[in-house]
Amino acid sequence: MKLFWAPQTRSTRVFWLLEETGIDYETERVDLYAEDRNDSDEFLAASPMGKVPAIVDGELAMSESAAICLYVADRYCADRLAPAVDDTRRGKFLYWTMYTPAVIEPAMSEQFNKVEANRARSGWGDFDSMIEVFDNALEEKEWVLGEQFTAADVMLGSSAVFMRMFEMLPDSRNLDAYADRCLARPAYARAMEKSSG
Ligand SMILES: N[C@@H](CCC(=O)N[C@@H](CS)C(=O)NCC(=O)O)C(=O)O
């Protein structure tokens with residue numbers, strides 16, 4: 001498996017997931033800010049929009065961090081990082097893995113850019129409802145599905161850490177403690193080291 005990445009981007013979450021799996025992988029850094037950016041055909045086949053992260057795994061070339069997390073967890077770490085398809089927790093696992101790109105990120109972007117929210121018309125609701133739902137999901141839980149850490153926590157945890165870094169995380173005991181638990185994982189520390197550039 002090869003991971004295309006750039007420092008301080010969503011690539012970190014895929015590094016984190018790969019470190020959680022323990023599988024071997026190689027990496028190729030993409031210079032997103034090069035003046036004469038000349039992306040390789042291999043990278044563009046994986047990421048037609050030229051965005052990181054992206055992976056190539058044998059004949060598969062793909063991008064979108066949540067899709068990559070689902071693919072890698074299912075393919076290489078089923079049961080440990082992803083509940084099986086016939087596990088009753090599977091639906092919530094999919095819901096929470098997609099919550100980052102479908103709800104957290106658009107709501108964050110709206111908040112950050114001071115765009116007026118329209119809760120009913122936006123698929124992601126608004127920033128405050130996004131936080132409330134996220135926070136409630138972690139009430140008395142270590143990880144979003146309970147005791148088991150999964151790929152959904154990689155997506156959600158990276159978002160919680162990111163929001164805290166940008167001082168967007170409101171006072172919330174659950175989310176703050178969750179971000180701390182993510183940061184304390186050895187795989188997270190290894191991912192930060194490898195993706196710091
Ligand atoms: N929805 C995508 C977003 C990917 C994305 O926006 N990547 C940014 C870095 S975090 C990027 O590659 N930007 C550079 C560019 O668009 O040229 C995902 O979750 O993977």
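Trainee: What should I know about the model and its numbering?

Mentor: The model is predicted, so local features need pLDDT of at least 70 and side-chain atom pairs count only at pLDDT 80 or more, while totals for chains, interfaces and linings use all residues. Residues are numbered from 1 along each chain as its sequence is written.

Trainee: Which domains does the domain assignment of the protein chain give?

Mentor: Domain bounds come from an automatic or database domain assignment. Here the assignment gives domain 1 (2-80 + 188-194) and domain 2 (90-185). Their C-alpha centres lie 21 Å apart.

Trainee: How many residues of domain 1 are in contact with domain 2?

Mentor: Two residues are in contact if their C-beta atoms, placed from the backbone, lie within 7 Å. On that basis 10 residues of domain 1 are in contact with 12 residues of domain 2. On the domain 1 side, α1 (11-21) and α3 (65-77) are the elements that give two or more residues, and α1 gives the largest share, five residues. Helices (H or I, at least four residues) and strands (E, at least two) are DSSP runs, numbered from the N terminus. That side of domain 1 divides into seven nonpolar, one polar and two charged residues. Ala, Val, Leu, Ile, Met, Phe, Trp, Tyr, Cys and Pro count as nonpolar, Asp, Glu, Lys and Arg as charged, and the others, Gly among them, as polar.

Trainee: Is α1 buried or exposed?

Mentor: A residue is buried if 20 or more other C-beta atoms lie within 10 Å of its own, exposed if 12 or fewer, and partly exposed in between, with C-beta atoms placed from the backbone. In α1, 10 of the 11 residues are buried, so the helix is largely enclosed by the rest of the structure. The buried residues of α1 pack against β1 (2-5), α3, α6 and α8 (186-194). Just after α1, G22 takes a positive phi of about 85°.

Trainee: Which residues of helix α5 are buried?

Mentor: In α5 (residues 127-137), the buried residues are F127, M130, I131 and F134. They cover an arc of only 95° around the axis, taken from the directions from the helix axis to the C-beta atoms, which puts them on the same side of α5. The buried residues of α5 pack against α4 (90-112) and α7 (173-183). Leaving aside neighbours within four places in sequence, M130 is in contact with V103, I104, A107, W124 and G125.

Trainee: Is F149 buried or exposed?

Mentor: F149 is in the loop between α5 and α6, and with 20 C-beta neighbours inside 10 Å it counts as buried. V85, in the loop between α3 and α4, is exposed, with 9 other C-beta atoms within 10 Å.

Trainee: Which residues are around the ligand?

Mentor: A residue is near a molecule if its C-beta atom, placed from the backbone, lies within 6 Å of it. The residues around the ligand are T9, R10, L32, G50, K51, V52, P53, S63, E64, S65 and P101. This shell divides into four nonpolar, four polar and three charged residues.
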